[in-house]
Amino acid sequence: MTIHLSSSSYLVLGLIGLRGPSSSYQLKRAVERSVGYFWPFPHSQLYVEPKRLAEAGLLEESAETAGRRRRTYSLTAAGRDALRAWLGDPGTEVFQVRNEAELKLFFSELGDPGTVERLAEAQADYHSERLAGFRETLERLGTVPDLEKRVAPLVLGVRIEAACLSFWEDVRESGVSGALARTAPVAAEGTAGPPDGGSGHHPG
């Protein structure tokens, strides 16, 4: 049986590849403690996707005969081959930022006075808390042997959150014009897109 494999499919295959045989509940807990920080998606997929992958022969399903009759999934040879083929392809989807705060900032001139200030304050607090959490986790796991590759995405997360915090602090302290002025040299080098986002970064 041939099926379309999505990013969520590979997430399930990859987690089982790292963890070994796992139930949907165990996958949910693993996501919450790891990839969920940078790859949010409906947890209901962790109950649907493993069964679909099992029907396609990429996972093997086993069920307890007593008690809660929990279903556990493990990688098959075909599943491991599919995972390796995906990992071997360096191509990825275009990096996207889908942030409602950016959407609100884009349309903020239509809002009430103080809209930008309140938004910047809330976002600065949010990213400050998130950055602190990422750094705490990185400090705790960064020196654990054999976890370097799994922890590396958290390093990128720290850098992204630091950049977001810096931006919203600029807006909070100096307004939008102040934030723009601080990045003027970058814009002059041609690394920033036009105001309407036609060929550069844009919300959504």
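This note goes through the salt bridges of a predicted model and then the surroundings of one serine.

1. Basis of the note. The model is predicted, with local features needing pLDDT of at least 70 and side-chain atom pairs counting only at pLDDT 80 or more, while totals for chains, interfaces and linings use all residues. Residues are numbered from 1 along each chain as its sequence is written, and side-chain values use heavy atoms, with hydrogens and water left out.

2. Salt bridges overall. Side chains of opposite charge can pair when their charged atoms come close. A salt bridge is taken here as a side-chain nitrogen of Lys or Arg within 4 Å of a carboxyl oxygen of Asp or Glu, and by this rule the count comes to 10.

3. The pair in helix H2. Lys 28 and Glu 32 form a salt bridge whose closest N and O atoms are 2.8 Å apart. Both residues belong to helix H2 (residues 24-32), where they are four residues apart, about one turn of the helix; helices here are DSSP runs (H or I, at least four residues), numbered from the N terminus. Glu 32 counts as partly exposed because its relative accessibility is 35%, and Lys 28 counts as partly exposed at 22%, given that buried means under 20% relative accessible area, exposed over 50%, and partly exposed in between (1.4 Å probe, protein chains only).

4. The pair in helix H3. Glu 49 and Arg 52 form a salt bridge with the closest N and O atoms 2.8 Å apart, and both lie in helix H3 (residues 45-55), three residues apart, about one turn of the helix. Glu 49 counts as buried because its relative accessibility is 8%, whereas Arg 52, at 26%, counts as partly exposed.

5. In the salt bridge between Asp 170 and Arg 182, the closest N and O atoms are 2.6 Å apart, and Asp 170 counts as buried at 11% relative accessibility. Salt bridges also link Glu 121, Glu 169, Arg 172 and Glu 173 in a network.

6. Ser 108. This residue lies in the loop between helix H5 (100-106) and helix H6 (115-141), and Ser 108 counts as buried because its relative accessibility is 14%. The side chain of Ser 108 reaches the backbone oxygen of Leu 105 at 2.8 Å. Leaving aside residues up to four places away in sequence, Ser 108 touches Thr 115 and Val 116, where contact means heavy atoms within 4.5 Å.

Methods
Helix = DSSP H or I, 4+ residues; strand = E, 2+ residues; numbered from the N terminus. Polar contact = N/O pair within 3.5 Å; in protein donor to acceptor, adjacent residues only side chain to side chain.
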